[in-house]
Amino acid sequence: MSDIRIRDDRPAGRLEALGDGDEVVGRIEYFVLESPGRALVPVHTIVEPAHEGKGIAGSLARELYAISAREEIPVAPLCPYVVKWAERHPEEAPAADPELLAAAKDWLRAHPGRF
């Protein structure tokens with residue numbers, strides 16, 4: 001897995017795992033919630049079938065929470081994979097604020113074509 005690097009494409013709302021030749025082998029699709037407070041909201045985690053089982057999804061989730069810590073922006077996960085990862089790694093993934101989670105769900109319902 002050492003040949004994988006992760007890139008945050010914030011304008012596109014993608015945290016991407018890049019393999020050989022900068023091929024995108026996995027990604028977390030997310031948006032930045034602005035109200036009632038800022039939060040990173042992961043919606044989907046996708047790993048290309050040929051790259052499954054290599055720890056890519058976990059590396060992406062870990063980096064998302066590292067970005068959150070560096071930027072002091074909480075994570076409000078809607079992605080089932082990220083929710084489960086956070087439950088398994090509470091030392092790296094603080095519990096989400098219920099108000100931010102509710103607002104993230106509302107945002108997602110208001111933007112049905114986004115994801």
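This is a predicted model: local features need pLDDT of at least 70, side-chain atom pairs count only at pLDDT 80 or more; totals for chains, interfaces and linings use all residues.

Me: What order do the strands of the open sheet have?

Reply: The order is 1-2-3-4, with antiparallel pairing. Strands here are DSSP runs of E with at least two residues, helices are runs of H or I with at least four, and both are numbered from the N terminus. Two strands pair if DSSP finds at least two bridges between them.

Me: And which are the edge strands?

Reply: Strand 1 (5–9) and strand 4, each pairing on one side only. Neighbouring strands of this sheet are turned by 20 degrees against each other on average, direction ignored.

Me: How many bridges does strand 3 make with strand 4?

Reply: Eight, in the antiparallel sense; strand 4 covers residues 39–47. Arg27 stands opposite Ile46, and Gly26 stands opposite Val47.

Me: What about strand 2 and strand 3?

Reply: Strand 2 (residues 14–18) pairs with strand 3 over five bridges, again antiparallel. Leu15 has Ile28 as its bridge partner. Their hairpin has five residues between the strands, and Gly21 there takes a positive phi near 65 degrees.

Me: Is strand 3 mostly covered or mostly uncovered?

Reply: Mostly covered: seven of the 10 residues in strand 3 (24–33) are buried. Buried is under 20% relative accessible area, exposed is over 50%, and partly exposed is in between, using a 1.4 Å probe and protein chains only.

Me: Switching to helices: at what angle do helix 1 and helix 2 cross?

Reply: Roughly 75 degrees, with the axes coming within 10 Å. That makes the two helices roughly perpendicular (65 to 115 degrees; under 35 is roughly parallel, over 145 roughly antiparallel, the rest oblique). Helix 1 brings residues including Ala61 and Tyr65 to the contact, and helix 2 brings Trp85 among them. Contact means heavy atoms within 4.5 Å.

Me: Last one: why does Ser68 count as buried?

Reply: Because its relative accessibility is 10%. Ser68 sits in helix 1 (residues 56–71). Leaving aside neighbours within four places in sequence, Ser68 is in contact with Leu40, Ile73, Pro74 and Val75.

Conventions: Residues are numbered from 1 along each chain as its sequence is written. Side-chain values use heavy atoms; hydrogens and water are left out. Axes are lines fitted to C-alpha atoms, for helices over the stretch in contact, and angles run from 0 to 180 degrees between N-to-C directions.
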